[in-house]
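Subject: Handing over the structure

Hi,

Here is the structure I promised to pass on.

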Amino acid sequence: MAWVSLVVAGFFEMFGVLMINTLHKNRNWQSLVLLIFGFGTSFLFLALAMKTLPMGTAYAIWTGIGASGGAILGMVLYGESKNWKRIVFIAMVLGSAIGLKLIS
């Protein structure tokens, strides 16, 4: 169950990152509330996961999901560069997260 909580935390981290961009563009209270909700929920699920998982592993995977997910969403939703080098490095981050799961 801790791994599920950690993945959910990562997805809410991605949502929070999207809301940063939305708040930057729209500057309204709804965007701010959604940003706080996204990151707050992310921290809640991360804390739940860390009751069972080692802090280093949980934090590395949570950060990896958030960072690579944010980069992928930027490419898909906002037309950011889809350079093959960028995709290789995103794959390396995801591969590292999977590797940490396999050895934990």
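What follows is a short tour of what turned up, from the overall layout down to single residues.

A word on the ground rules. This is a predicted model, so to speak of local features I need pLDDT of at least 70, side-chain atom pairs count only at pLDDT 80 or more, and totals for chains, interfaces and linings use all residues. Residues are numbered from 1 along each chain as its sequence is written, and side-chain values use heavy atoms, with hydrogens and water left out.

**The overall layout**

The protein has 4 helices and 0 strands, and from the N terminus on the order is α-α-α-α. Helices here are DSSP runs of H or I with at least four residues, strands are runs of E with at least two, and both are numbered from the N terminus. The C-alpha trace spans about 40 × 35 × 15 Å along its principal axes.

Of the 104 residues, 35% are buried. Buried means under 20% relative accessible area, exposed means over 50%, and partly exposed is in between, with a 1.4 Å probe and protein chains only. The accessible surface comes to about 6,500 Å², and carbon and sulfur atoms hold 75% of that; the areas come from the Shrake-Rupley method with a 1.4 Å probe, and for residues only the protein chains shown count as cover.

Take the contacts (heavy atoms within 4.5 Å) between residues at least 6 apart in sequence: 64% of them join residues at least 24 apart.

Helix α1 has 25 residues and reaches 35 Å from its first C-alpha to its last, close to the 36 Å expected at 1.5 Å a residue. The expected span is 1.5 Å times one less than the number of residues. Its buried residues include Ala2, Ser5, Leu6, Glu13 and Leu23, and the buried residues of α1 pack against α2 and α3.

In soluble globular proteins, nonpolar side chains tend to be buried together. Here, the largest nonpolar core has 18 residues, and those with the most contacts inside it are Leu6, Leu35, Leu46, Leu53, Ala58, Ile61 and Trp62. Helices α1 (2-26), α2 and α3 (55-78) each supply at least two residues of this core, and the largest share, 7 residues, comes from α1. By nonpolar core I mean a set of buried Ala, Val, Leu, Ile, Met, Phe, Trp, Tyr and Cys residues joined through side-chain atoms within 4.5 Å.

**The aromatic rings**

There are 4 aromatic pairs in the structure. Rings of Phe, Tyr and Trp (its six-membered ring) pair if their centres lie within 6.5 Å; planes under 30 degrees apart count as stacked, over 60 as edge-to-face and the rest as tilted.

Phe12 and Phe45 form a stacked pair, at 6.2 Å centre to centre and 5° between the planes. Phe12 lies in helix α1 and Phe45 in helix α2, so this pair ties together parts that are 33 residues apart in sequence. Phe12 is partly exposed at 23% relative accessibility, and Phe45 is partly exposed at 23% too.

Tyr59 and Trp62 have ring centres 5.6 Å apart and planes at 45°, so that pair is tilted. The two are 3 residues apart in helix α3, which means about one helical turn separates them. Tyr59 counts as partly exposed at 45% relative accessibility, whereas Trp62 is buried at 7%.

Ring pairs also link Phe12, Phe37 and Phe45 into a cluster.

**Some spots to look at**

Arg27 sits in the loop between α1 and α2. Arg27 has a positive phi of about 45° although it is not a glycine, and it is exposed, with a relative accessible area of 65%.

Gly40 lies in helix α2 (residues 29-49) and is partly exposed at 37% relative accessibility.

Last comes helix α4 (residues 84-103): its 20 residues should span 28 Å at 1.5 Å a residue, and its end C-alpha atoms are 28 Å apart, which agrees. Asn83 caps the N-terminal end of α4, with a side-chain oxygen 2.8 Å from the backbone nitrogen of Lys85.

Cheers

Definitions and conventions. A polar contact is a pair of N or O atoms within 3.5 Å; within protein, one must be able to donate a hydrogen and the other to accept it, and residues adjacent in sequence count only if both atoms are side-chain atoms.
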